[in-house]
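This report describes the fold of one protein, from its overall form to the surroundings of a single residue. Please keep the sequence and the structure in view while reading.

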Amino acid sequence: MLTLKLQRVGKKHQALYRLVADEKRHKMGGDKVDYLGWYNPHTDKYEFKKERILYWLKNGAQKTDTVHNLLIKTGIISGKKIAV
């Protein structure tokens, strides 16, 4: 099953995250199905490919709770946030 999830990149104590579409059981390293953008929690900046995210969600990809809350915060999807 495909899942939209965050992949941690960056140096120690300077985490950056990539939003990726990948199989749910895959490890975080290695090739991904699709790169959908990035998120920097320290500066609260992000850049997401809205069309690709909506494409994967329309085609049955699930999203993690954190990604769900992040997509609501950025206005890509609507709904209530999930308590993590």
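This is a predicted model: local features need pLDDT of at least 70, side-chain atom pairs count only at pLDDT 80 or more; totals for chains, interfaces and linings use all residues.

## Strand pairing

Two strands are said to pair if DSSP finds at least two bridges between them.

Strand β1 (residues 2–9) and strand β2 (residues 16–23) run antiparallel and are joined by eight bridges. Within this pair, V9 has L16 of β2 as its bridge partner, and Q7 stands opposite R18 in β2. The hairpin formed by β1 and β2 has six residues between the strands, and G10 takes a positive phi near 105 degrees there.

One of the residues involved is T3, whose bridge partner in β5 is Q62.

## Overall form

How many helices and strands does the protein contain? Its secondary structure consists of two helices and five strands. Read from the N terminus, the elements follow the order β-β-β-β-α-β-α. The radius of gyration is 12 Å, close to the 12 Å that the globule rule gives for 84 residues, so the protein is as compact as a globular protein of that length.

Along the principal axes, the C-alpha atoms fill a box of roughly 35 × 25 × 25 Å. Of the 84 residues, 33% count as buried. The accessible surface amounts to about 5,800 Å², and carbon and sulfur atoms contribute 51% of this area. Among contacts with a separation of 6 or more, 29% are between residues 24 or more positions apart.

Helix α2 (residues 65–74) contains N69. Is this residue buried or exposed? N69 has a relative accessibility of 13%; because buried means under 20%, N69 counts as buried.

The side chain of N69 reaches the backbone nitrogen of I82 at 2.7 Å. When neighbours within four places in sequence are left aside, N69 is in contact with K81, I82 and V84.

Terms used. Residues are numbered from 1 along each chain as its sequence is written. Side-chain values use heavy atoms; hydrogens and water are left out. Helices (H or I, at least four residues) and strands (E, at least two) are DSSP runs, numbered from the N terminus. Buried means under 20% relative accessible area, exposed over 50%, partly exposed in between (1.4 Å probe, protein chains only). A polar contact is a pair of N or O atoms within 3.5 Å; within protein, one must be able to donate a hydrogen and the other to accept it, and residues adjacent in sequence count only if both atoms are side-chain atoms. Contact means heavy atoms within 4.5 Å. The radius of gyration is taken over C-alpha atoms; the globule rule is 2.2 Å times the number of residues to the power 0.38. Accessible areas come from the Shrake-Rupley method with a 1.4 Å probe; for residues, only the protein chains shown count as cover.
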